[in-house]
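Subject: Structure for your review

Dear colleague,

Please find the structure below.

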Amino acid sequence: MESPLFHFRDRMTGELIAIFDLGLLEGEVPFPYVVQWEQYKLVHAALPYIRASGLGEVRFSTKLTGLSQTADYVEAVVTNAEGDTEKLRGKYLIGADGASSMVRRLAEIDFEGFTWPERFIKVATNFDFGQTGNGYCTRNYFSDPDEWINLFKVKGWGPPGIWRGVFPVSSKETDEEALSMAGIQRRLQGIYQKSGDYEVPYYGLYAVHQRVAATFNKGRILLAGDCAHVNNPIGGMGLNGGIHDAVNLAEKLSDVWFGVAEEDVLDRYTRQRRKAQVDYVQAQTIQNKKHLEEKDPVIRREHFDQLRRTSEDVALHKKFLYRSSLFDSLNSANAVE
C-alpha cells in the first residue's frame, strides 16, 4: 500500500501534532511515498524470480548445522526436516537468516548492542480505523507515556485490508496476559471504543533488540539484513535497511566475482553498511522510541512543538523526510571509502 502521509498524535489528548507528506519530494526522488508491504509478501514475490532464473535453489525446512571456510571456499553443513545431512560448498556464503542467525553464530561474529526490557506486541484487525471519523491516515504514531502505539494499514491479501497496531508490553505484564484475547481486545478498544470484539486475524509477542554485528564480512562469510543488524520497528527501518544491504553487497560481490574489484572491496561493504546502521538506523529508532514514551510533560510538549514547527516549514519538513526515509543514511554510507 502506497502511503505518502504519516501522522504524529498525542494519545492522551487525541491531538494531531504534525502531518508529514512524502509528496513534497515529488521530482526529487523516484517514489515519493512509503510502500507498506508485509515481509511475507516480499518473500512470495521473490520466489518465482529465483526459481525462474535457474541460478538458485530454494529449500525450506532446512537448518544450517555446521560452517567452515578456507582461503578458497566456504563449506556449510545443512540438515533437512527428515534428518538428512548434506555438505554444500561455494566461494561465498551470505547470511541473511534473521536476528537469531546461525551463520553469524557459527562464524563467531559478535552481535553488539542491547535488548529492551519491555517486549512489543503486534496485533492485526480487519476493522477499518480510517472510517471512525478520527481522521487517521494509513500510518500513525501515537505518543503516550503509558502505552504508545504505531498504527498502520496494509492491504493484506485484499479488501478491506488489515490494520496493524504495535504496542509496548511492560515487564510487569506476563506473556500469557499480553497474548490473552482479553489483553488483545483491551489494546484495540483503547484505540477506538466500539461495541463487540475486534476480529483479530493474527498477533504476536516478541523481544526487541538494538544490535549490530561487529563486522558484516569475515573471510568468505558475509552478513546482511536482520542477521547483521536489528532495531525496534518504530519508523519502519529494519526491512528497508536490509534491502539497502542487499543492493550494496550485490554490486560489490558481482565486481569481485567478475574480476572488476579485489576482495578487499567487501571490507568497504562493512564500513558503509555498518555506518548506516550505527549512525542512522540505531540512533533514529532509539530516539523514535524515546520520544513516543516520554513521561516528562515539559519534554513531551517541547518535542510536540518541535515536530509541529518542522512540519510547517517546507525546508525543515523535507530535511526530516530525507532522514526518516533513510536517504541521508544511504548518501552518507555510500560516500565512505
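Which helices and strands each supply at least two residues of the lining of the second largest pocket? They are β2 (5-10), β10 (139-143), α6 (265-293), α7 (297-312) and α8 (314-324); helices (H or I, at least four residues) and strands (E, at least two) are DSSP runs, numbered from the N terminus.

This is a predicted model, in which local features need pLDDT of at least 70, side-chain atom pairs count only at pLDDT 80 or more, and totals for chains, interfaces and linings use all residues. Residues are numbered from 1 along each chain as its sequence is written, and side-chain values use heavy atoms, with hydrogens and water left out.

By class, the pocket lining has 10 nonpolar, 10 polar and 3 charged residues (Ala, Val, Leu, Ile, Met, Phe, Trp, Tyr, Cys and Pro count as nonpolar, Asp, Glu, Lys and Arg as charged, and the others, Gly among them, as polar).

Phe129 and Trp163 form an edge-to-face aromatic pair, 5.7 Å centre to centre with 75 degrees between the planes (ring centres of Phe, Tyr or Trp, its six-membered ring, within 6.5 Å; planes over 60 degrees apart for edge-to-face). Because Phe129 lies in the loop between β9 (111-125) and β10, and Trp163 in strand β12 (residues 162-169), the pair ties together parts that are 34 residues apart in sequence. Phe129 is buried at 0% relative accessibility, and Trp163 is buried at 2% (under 20% relative accessible area, 1.4 Å probe, protein chains only).

Phe6, Phe8, Phe20, Tyr141, Phe152 and Phe320 form one aromatic cluster.

Regards

Notes:
Rings of Phe, Tyr and Trp (its six-membered ring) pair if their centres lie within 6.5 Å; planes under 30 degrees apart count as stacked, over 60 as edge-to-face and the rest as tilted. Buried means under 20% relative accessible area, exposed over 50%, partly exposed in between (1.4 Å probe, protein chains only).
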